[in-house]
Amino acid sequence: MPNVFKSRSLNVIEDLSINERRYFFTKVKELKDAIVSGDEKEMNRFRIDDPDFGIYEIFLEDSTRTKESFRNAAKFHHAKVSELLTSSSSINKGESYADTFNMLTGYQNSIFIVRSKVEGLTRWLSEETREYAERNSLLYYPAFINAGDGKHEHPTQELLDEFTFLEDNKMSFSSIHVALVGDLYHGRTVHSKADGLKLFDNVKVDLVAPDELAMPDNYVEKMKENGFEVNTYSSIEDYLKNGDVAKMWYFTRPQLERMGDKVLQKEAILRDSITFRREFLDKIDPETKFYHPLPRHKEHPTIPTWLDKTPFNGWERQAINGLYCRIVLISMIGGKIGDDYEPVPADNRAECDSDEYIVEVKSTNSSKTKNYSEGVRPLENGIVIDHICKGDNPSEIRDHMRLISTVLKIDEGRGGEWVSSGEDGKFKGIIFRPGTVEFSRKDLKRLAAVAPKSTLNIIRDGKVEKKYRTHMPPRIYNFDDLSCQNEACISHPMNGEGVPAKFYRTKDGHFACAYCGKFHTFKQIWKKR
């Protein structure tokens, strides 16, 4: 059976299924026990031990902790470790990311460890370099490890966090109750937990942050979709008034420097709301553990240094666990371990390509169609798109009908748009275009993407010849007028990489960017918008 981990990329935590991560953590425990006990034979079982095995660190954003832990993990493997000095590299002079990494792929590098402010970068690079390797008949293609991308995710931090939680949970996957405290808006380590905590069968998450630092709605929604019980509190003081306080607290540093002057004017109040104080000690369980991805702010630590020598300190062991987790991750991707893993049916996000989102409705109307007209004359030939944005207000409907006309390239020539209301009082939009208008399968897909829940009537000789109902497609791609609205995303036009936008449908009816994960409505995914 082939090793399912070899040459795999880790771009987001969901790239490893729940069962794959559970296997991973059993191996991390085995390695940690071996290192702590000095069992060299057991350690060698994990060691790649190949000086030609190339590991390249490329940190386009400053890092000490993550970068050095990966460097030391690579040294454990006796592998070739290289570093791209971005300060002197042409990558900071406008060079294409794709060209840079394709070039380095040709130099026999097996793993790239990348940190960047550009979100979704490693997802794109893993696709691009694979195509490069195939075009040039390379015998391999590289794996990518996301070491943090903007405000998106930090999957390897999530792995070491989960392992530390497991240690304090007696290695049980049954349930977890954790408080996430601090800057939940910018903190990519807490964003990874929206999917990462699915590792546990039952999850309760308490979000402790003032409104200015609150968890973005799309991550809260994802937690709820994943079955988590989610509670929100504006401060630690507010949280402690609740009778059910978690025994695991995960703190993050407030990144107020990323926010505007209005927020900075409230800096002292915001910091105070998420900083642990001595007066809180008698309100928490003595067995509570605190965690932090580190480093703490030297002047305003959310976990004050007077807690360092107390039993609450879980963050130091958490940081040390980073080395063990990254050693095992490289070992798995390098194919040294993983042969004994037995794959189970994938429990990652399903790609619902088979979903029927364009449904042809058989018309039983053989008489002349009188419902649709061009001015005062019945519409003999043409198309009518009905039930557009039903329930929205008239100005929103009119605005979106203009976008639909542009996206479908039907904004030239005769025709018009109406806003009407049905017996239920809800407004809806109607677009009609007289004449011969051909709709291909691709046009129908575009209609479903830009106007889900609408109906398309194709009229010939005064009759509805064909009628289609549309629903949200499970995925949208291969349209050159799509665009993610997140300017930090690798697929956003301002990043200049020419990355085609791709989206997948979420359970709550949004389209999420395949690269940065940002949620969009069907109205927001178009460049014309």
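Count up the secondary structure of this protein and you get 15 helices and 21 strands. Keep in mind that you're looking at a predicted model. Along its principal axes, the C-alpha trace spans about 85 × 60 × 45 Å.

How much of the chain is tucked away? Of the 529 residues in the protein, 54% are buried. Contacts tell you how the chain comes together: taking those with a separation of 6 or more, 75% are between residues 24 or more positions apart.

The accessible surface comes to about 24,400 Å², and carbon and sulfur atoms account for 47% of that. As for charge, there are 78 positive and 83 negative side chains, and the centres of these two sets lie 3 Å apart.

With the overall picture in place, take a look at a few spots in the backbone. Most residues other than glycine have a negative phi, and most peptide bonds are trans. Some places here go the other way. Start in the loop between helix H2 (40-44) and strand S1 (54-59), where you'll find Asp49. Asp49 isn't a glycine, yet its phi is positive, at about 55 degrees.

Further along, the loop between strand S9 (289-291) and helix H13 (315-333) holds Pro295. The peptide bond joining Leu294 and Pro295 is cis, with omega at about 0 degrees.

Last stop: Lys453, in the loop between helix H15 (441-450) and strand S16 (455-460). Lys453 also has a positive phi without being a glycine, this time about 70 degrees. Is Lys453 buried or exposed? With a relative accessible area of 67%, Lys453 counts as exposed, because the cut-off for that is over 50%.

How values were computed: Residues are numbered from 1 along each chain as its sequence is written. This is a predicted model: local features need pLDDT of at least 70, side-chain atom pairs count only at pLDDT 80 or more; totals for chains, interfaces and linings use all residues. Side-chain values use heavy atoms; hydrogens and water are left out. Helices (H or I, at least four residues) and strands (E, at least two) are DSSP runs, numbered from the N terminus. Buried means under 20% relative accessible area, exposed over 50%, partly exposed in between (1.4 Å probe, protein chains only). Contact means heavy atoms within 4.5 Å. Accessible areas come from the Shrake-Rupley method with a 1.4 Å probe; for residues, only the protein chains shown count as cover. Lys and Arg count as positive and Asp and Glu as negative; His and the chain ends are not counted. The place of a charge is taken as NZ of Lys, CZ of Arg, CG of Asp or CD of Glu.
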